[in-house]
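Welcome, and please open your viewer. We will go from stop to stop, with something to select at each one.

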Amino acid sequence: MPSQSRALSEAQQSAVVEMALSDHVRFSQIEDQFGLAEKDVKALMRSRLKPGSYRAWRKRVRTFSDRREHYK
């Protein structure tokens, strides 16, 4: 688990996961609100999601970011 996420409460970590799963929230918005860099969000997601769910999320983020300049 990333060092920064240890400082977040369980509710805050859940909020970050929910925001990261949303197709309408950018990594920059999560960083502004919670102070987590993109790599920290990915590490938190890896620790909180099942392996298959994490891979599906990463694939979706990569696919959308390839299509749109400012996706995540």
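A helix here is a DSSP run of H or I at least four residues long, a strand is an E run of at least two, and both are numbered from the N terminus. With that in hand, colour the chain by secondary structure and follow it along the sequence: the pattern reads α-α-α-α-α. That comes to five helices and zero strands. Keep in mind as you look around that this is a predicted model.

**Stop 1: the whole chain**

Show the surface of the chain. Now think about the inside: of the 72 residues in the chain, 33% are buried. Among contacts with a separation of 6 or more, 56% are between residues 24 or more positions apart.

**Stop 2: H2 against H4**

Next, select helix H2 (10–21) and helix H4 (residues 38–48). Two packed helices are described by the angle between their axes and the distance between the axes. For H2 and H4, the angle is about 105° and the axes lie 10 Å apart. H2 is therefore roughly perpendicular to H4, since angles of 65 to 115 degrees count as such.

Which residues in H2 and H4 meet? Show side chains on both helices to find out. From H2 come Glu10, Gln13, Ser14, Val16, Val17, Ala20 and Leu21, and from H4 come Val41, Leu44, Met45 and Arg48. Sorted by class, this contact has seven nonpolar, two polar and two charged residues.

**Stop 3**

Time to look at charged side chains. How many salt bridges does a search of the whole structure find? There are four, and we will visit some of them.

Begin by selecting aspartate 23 and arginine 60, whose side chains meet in a salt bridge with an N to O distance of 2.9 Å. This pair links distant parts of the chain, 37 residues apart: aspartate 23 sits in the loop between H2 and helix H3 (27–34), while arginine 60 belongs to helix H5 (residues 51–67). Both partners have some surface showing. Aspartate 23 is partly exposed at 29% relative accessibility, and arginine 60 is partly exposed at 28%.

**Stop 4**

Go back to H4 and select glutamate 38 and lysine 42. Their side chains form a salt bridge too, at 2.9 Å from N to O. Because these two residues are four apart in H4, about one helical turn separates them. Glutamate 38 is partly exposed, with 36% relative accessibility, and lysine 42 is partly exposed, with 21%.

Now select lysine 39 and aspartate 40. This salt bridge has its closest N and O atoms 3.4 Å apart. Are the two partners buried or exposed? Lysine 39 counts as exposed, at 63% relative accessibility, whereas aspartate 40 is buried, at 13%. The cut-offs explain why: buried means under 20%, and exposed means over 50%.

**Stop 5: a glycine in a loop**

For the last stop, select glycine 35, found in the loop between H3 and H4. Glycine 35 is partly exposed, with a relative accessible area of 34%.

Notes. Residues numbered from 1 in each chain as written. Predicted model: local features only at pLDDT ≥ 70, side-chain atom pairs only at ≥ 80, totals over all residues. Heavy atoms only, no water. Buried < 20%, exposed > 50% of the residue type's maximum accessible area, 1.4 Å probe, protein only. Contact = heavy atoms within 4.5 Å. Axes fitted to C-alpha atoms, helices over the stretch in contact; angles between N-to-C directions. Parallel < 35°, antiparallel > 145°, perpendicular 65-115°, else oblique. Nonpolar A, V, L, I, M, F, W, Y, C, P; charged D, E, K, R; others polar.
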